[in-house]
Amino acid sequence: MDNNQSFTKQDSEFNIKELLFKYLAYWYYFILSIIICLLVAFLYLRYTVPNYSATATLLVKDDKKGGLVSEMASFSEFDMLGKIKSTVDNEIEIIKSRTIVGLAVKELELNVSYFNEGRLKTSDLYNNTPIRIIFKDTIQRNLTAFKVKSTDGRIYSLYNQEDKLIDEYKFGQFITYNKLNFAVINIDDKNRDIDTHVVIKSLANTIQGYYRKLSVKTLSDNTSVVELSIVDPVKARAEDFLNSVIRNYNEDAVKDKNQIFKNTSRFIEERLKIISTELDTVEKKAENYKKENRITDIISEAGLFLQNATEFERKLIDAGTQIKVVESLKEDVIKNPKTELIPGNILTTNAADASNAPLLIEEYNNIILQREKYLPGAGPDNLNVREIDTQLEALKNNIISSLDRLINTLEINQRELIRQQNKTSSKISEVPTQQREYNIIQRQQTIKEALYLFLLQKREETAISLASTAPNSKIIDSALASNIPVSPKGSLIYLFAFFLGGVIPFSILFVRNLLDTKIHGSRDLKNLSIPFLGDVPRTESSNELISLNSRSSTAESLRIVRTNLEFMLSQVPEGIAKTIFVTSTIPKEGKTFISVNLATTIALSGKKVMLIGMDIRNPKLDEYIDLPSKGLSNYLSTNSTNLESYIVKQQGFDNFDVLPPGIIPPNPAELLMSSKISELFNRLKSEYDYIIVDTAPVSLVTDTLVVAKYAHSVVYVARDGHLDKQMLNIPQMLYEDKKLPNMAILLNDTHQKRGYGYGYGYGYGYGYGYGYGYGAEVKKRSLLDRIFGKNK
């Protein structure tokens with residue numbers, strides 16, 4: 001379990017450099033794939049119809065539009081609809097609406113397409129068509145395609161989609177085909193050779209298609225500049241479509257505004273008639289109210305009433321004061337002696353005007369002063385004094401009477417003032433009611449007048465607006481199509497083709513490597529604790545023996561292996577042959593090839609070498625060396641002790657002997673367990689310097705394990721690209737359990753690409769004996785095998 005985990009861990013290790021060189025070894029696949037993909041990209045760009053992008057920019061006016069809001073736009077001062085303002089987003093939705101797109105499609109007749117079919121490419125004849133289709137009705141729901149051919153410019157032949165002749169017609173003649181009533185018009189009578197394909201699409205589907213292709217967006221969040229764009233194979237058609245959309249949008253906006261202004265003007269005229277009648281009624285009502293209440297100006301009369309009331313109040317106070325003064329004076333006149341002076345300056349002018357009391361008082365006071373002059377000299381009994389007293393008595397009575405009359409006059413005046421005051425107060429108390437009632441009438445009159453004047457003003461404004469209606473947008477840039485197609489983009493297509501050309505072989509190689517569980521290179525052996533003896537590259541000839549002058553990489557690698565083995569066999573005593581067993585996990589790993597060439601390499605160094613074919617189940621030595629049929633199995637199965645009769649001297653070598661495996665016995669394991677094996681090795685170890693033994697694979701039979709005790713070292717061969725990684729646990733377990741002495745592993749049939757490849761072809765075929773056997777299968781690698789990296 002631990003060994004399997006270690007091998008799995010080994011597989012998961014990642015070396016970028018090694019991975020890079022692994023794929024670079026197949027550089028020619030990448031070059032070929034890239035060239036093919038670039039060629040396909042070129043053909044695709046050559047025969048694919050390019051699409052071009054056309055753009056136009058508008059400055060959209062962000063004012064009110066649409067429905068009730070627009071119709072009431074003249075009454076914006078009321079601000080009843082002030083919060084319902086159109087935005088640029090609303091105008092964008094209007095521009096790209098199906099209604100506007102439909103108007104453009106109908107105007108340009110975009111549901112009818114004209115084509116000229118070439119051998120590989122079909123060209124759209126948008127503005128270069130020699131004919132034109134005119135419909136008798138505007139409803140085209142069916143998809144129809146046909147071909148028009150003419151050679152004289154007067155009569156044309158109509159063919160269906162299957163290129164079957166339908167009939168011949170005159171240009172301009174209305175015909176019915178596929179439920180469509182239309183006429184074909186020859187635009188230029190000089191055109192006589194006409195061969196045009198016509199495709200008539202459903203108007204609704206065409207509108208829907210252009211609706212989806214049209215893109216409308218603002219250039220930024222802070223502006224009302226809108227960009228319209230569309231992608232189409234024909235640049236002129238894209239430009240015409242955008243210009244038509246803009247034109248129809250503006251015309252629709254102007255038409256909408258004109259309709260709004262007309263409706264508004266009609267509404268204003270109707271309201272003016274109603275308001276005029278209502279205003280006349282209110283004015284007559286105000287006139288009648290003033291007549292009934294005998295008023296001209298309520299405010300002015302109310303002010304006069306207040307002024308009179310104040311004056312009456314003042315006079316009433318003065319009258320009361322005068323009455324008090326006169327009463328006090330009368331009382332004083334009655335109480336005082338007749339010889340005292342009477343105050344004469346306390347009566348007001350008004351009081352003096354009302355009677356002769358002031359004159360009488362003045363006269364009375366003068367007589368008293370005169371008496372005062374006589375009295376000191378004449379005495380109170382003087383005749384003149386008495387006469388003066390008589391006059392004084394009479395004047396006093398007259399004064400009292402005059403004061404009484406004055407009091408009566410003042411009281412009458414006071415009562416008149418009270419009456420006037422009450423009348424004025426009554427008038428004042430009626431003013432609020434009159435003012436309120438008149439205000440109601442006046443308010444109605446003011447409202448009607450203001451509304452009447454407002455409608456007159458709006459009527460003039462609407463008339464001016466109707467005469468100078470402006471479109472809803474200003475064209476900043478008319479539609480212009482780019483000369484560089486947006487699709488397919490040549491640079492991106494070539495870049496993608498280049499990338500795909502690299503990805504395809506990479507993916508194939510990656511999948512192949514992913515599914516390949518065989519060992520490849522010494523890296524896969526790193527996790528083994530077995531000593532690594534070296535690797536042997538692939539050779540072109542599997543049965544060629546290494547000679548003294550061989551300078552191939554295989555020969556050099558075997559010399560390195562021989563040198564490494566000397567270090568491993570350094571503990572072998574002198575005089576005893578160094579015995580080396582060569583085995584493998586499964587057949588077809590090249591252990592016999594390694595045995596023969598390793599023995600040859602050592603023999604070329606001047607050492608006496610014995611090569612024993614101990615894989616007696618299915619021997620392979622005769623594929624490399626000419627050997628007799630008798631050998632080890634014959635020696636072990638008989639009682640003969642004459643070993644020399646079975647040993648063969650290899651031609652061309654002085655110190656290279658071979659003990660052939662002999663015939664295939666029915667009991668190979670029993671023969672290898674006989675005592676003669678021990679005698680064999682004891683004898684040969686004393687006669688030779690090296691003994692190389694080609695043994696059977698260890699995963700299928702126990703032959704090698706039976707005789708392993710006679711070995712000083714075991715070379716365990718693992719073939720590159722042949723042995724499954726999971727089977728590496730077999731040599732690892734054998735090494736850990738020490739079942740094979742002084743064991744070392746050798747990697748066989750390693751190969752590199754780019755001129756450094758080596759190989760040899762040989763195979764093993766199990767199928768007889770004790771369940772296995774193998775024979776040579778030397779086969780030259782085909783070109784297909786080399787392309788897909790197969791090693792056979």
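1. Asp124 and Arg237 form a salt bridge through their side chains, at 3.1 Å from N to O. The term covers a side-chain nitrogen of Lys or Arg within 4 Å of a carboxyl oxygen of Asp or Glu. The two residues lie 113 residues apart: Asp124 in strand β3, Arg237 in helix α8 (residues 235-293). Helices (H or I, at least four residues) and strands (E, at least two) are DSSP runs, numbered from the N terminus.

2. This is a predicted model: local features need pLDDT of at least 70, side-chain atom pairs count only at pLDDT 80 or more, and totals for chains, interfaces and linings use all residues. Residues are numbered from 1 along each chain as its sequence is written, and side-chain values use heavy atoms, with hydrogens and water left out.

3. Arg237 is buried, at 8% relative accessible area. Asp124 is partly exposed, at 26%. Buried means under 20%, exposed over 50%, and partly exposed in between (1.4 Å probe, protein chains only).

4. Salt bridges with shared partners join Asp124, Lys213, Asp232 and Arg237 into one network. The structure holds 21 salt bridges.

5. Lys620 and Glu623 form another salt bridge, with their closest N and O atoms 3.5 Å apart. Lys620 is buried at 2%. Glu623 is partly exposed at 27%.

6. Strand β3 also belongs to an open, antiparallel sheet of six strands, ordered β3-β2-β10-β5-β6-β7. Its edge strands are β3 (122-124) and β7 (165-170). Strands pair if DSSP finds at least two bridges between them. Seven bridges join β5 (residues 144-150) to β10 (residues 194-200). Lys147 stands opposite His197 in β10.
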